[in-house]
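Please open the model in your viewer and keep the selection tool at hand. The tour below moves from one selection to the next and says what is there at each stop.

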Amino acid sequence: SSSGQVGPSFRRKPVIIIVVGMAGSGKTTFLHRLVCHTQASRIRGYVLNLDPAVMTLPYGANIDIRDTVKYKEVMKQFNLGPNGGIMTSLNLFATKFDEVIQVIEKRADQLDYVLVDTPGQIEIFTWSASGAIITEAFASTFPTVVAYVVDTPRSSSPVTFMSNMLYACSILYKTRLPLVLAFNKTDVAQHQFALEWMEDFEAFQAAMRSDDSYMSTFAQSLSLALDEFYKNLRSVGVSAVSGAGMDTFFKAIEASAEEYMETY
Ligand code: GDP
Ligand code: MG
């Protein structure tokens with residue numbers, strides 16, 4: 001197939017792709033699309049679901065947190081609400097994460113990518129001790145890349161866009177791993193505006209002024225800081241629904257994995 005050369009046959013270890021993003025950005029749907037793409041392109045993928053509260057998954061997970069931790073029972077046992085239940089379930093799973101790493105290590109020769117789905121609410125993974133433990137366990141064993149999924153149609157206002165980019169920025173500096181921005185839902189709205197704003201500081205300033213003048217001075221300082229952040233990542237437009245952008249996404253992942261291997 002045309003994407004045959006995308007598979008990292010020269011590498012002994014699989015590349016870990018940790019998929020994060022705001023609730024509803026399309027992480028799970030995107031993961032399903034990645035699974036379809038890898039299967040159709042004979043890329044060898046392995047799928048890990050870390051969302052204990054998801055009801056049904058559109059893809060088959062090789063390792064599923066729900067097989068080990070029963071989120072509803074954790075809620076009852078520790079008298080927790082939904083978020084506490086998800087957080088505690090992830091904590092319980094993180095204590096056994098060395099076993100997950102061992103399972104992947106055993107299969108390393110037969111795998112190109114490990115695709116990792118994370119809980120719907122982004123902060124449960126990105127701002128928890130267990131999220132950090134899991135990320136660190138991956139990154140100390142395999143080339144690891146973060147794919148930050150953006151809800152493109154919902155990020156078309158400059159202020160929303162900037163908040164989302166600041167969040168992505170915080171993840172880059174917290175994990176210190178290569179980051180790929182996956183502008184999702186391009187079947188609904190193209191991500192061209194985002195590329196323009198990221199490439200042209202003046203264009204973003206102009207959009208910001210017409211959006212909310214009260215914020216302008218503060219926003220100007222923030223967007224200057226973001227300019228530096230944009231230089232440190234790769235951006236691709238994708239659609240989990242239509243399948244657009246998959247080859248470009250995997251090229252960005254490959255380049256990020258190269259960067260990982262040069263840096264770590
Ligand atoms: P998650 O919470 O980040 O895992 O998001 P989900 O994968 O559950 O998706 C949230 C919603 O966005 C669902 O209604 C999906 O059908 C929808 N969605 C996800 N990806 C796309 C996409 O590429 N295009 C469109 N139009 N909708 C999408
Ligand atoms: Mg999900």
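Axes here are lines fitted to C-alpha atoms, for helices over the stretch in contact, and the angles between their N-to-C directions run from 0 to 180 degrees. Keep in mind throughout that this is a predicted model.

Begin by selecting helix H8, residues 158-175, together with helix H10, residues 201-211, whose axes come within 9 Å and cross at roughly 125°. Angles of 65 to 115 degrees count as roughly perpendicular and those over 145 as roughly antiparallel, and H8 and H10 are therefore oblique to each other. To see what joins them, show the side chains of Pro158, Val159, Phe161 and Met162 on H8, and then those of Phe204, Ala207, Met208 and Asp211 on H10, which make the contact. Sorted by class, this contact of H8 with H10 holds 7 nonpolar residues and 1 charged residue, with no polar ones.

Next, select ligand 1 and display the 14 residues around it, of which Lys27, Thr28, Thr29, Asp187 and Ala240 come nearest. This shell divides into 4 nonpolar, 7 polar and 3 charged residues, and its largest share, 3 residues, is supplied by helix H1, residues 27-40.

In Lys185, a polar side-chain atom lies 3.0 Å from an oxygen atom of ligand 1, while in Ala240 a backbone N or O atom lies 2.9 Å from an oxygen atom of the ligand.

Conventions:
Residues numbered from 1 in each chain as written. Chains lettered and ligands numbered in written order. Predicted model: local features only at pLDDT ≥ 70, side-chain atom pairs only at ≥ 80, totals over all residues. Heavy atoms only, no water. Near = heavy atom within 4 Å. Polar contact = N/O pair within 3.5 Å; in protein donor to acceptor, adjacent residues only side chain to side chain. Helix = DSSP H or I, 4+ residues; strand = E, 2+ residues; numbered from the N terminus. Nonpolar A, V, L, I, M, F, W, Y, C, P; charged D, E, K, R; others polar. Parallel < 35°, antiparallel > 145°, perpendicular 65-115°, else oblique. Contact = heavy atoms within 4.5 Å.
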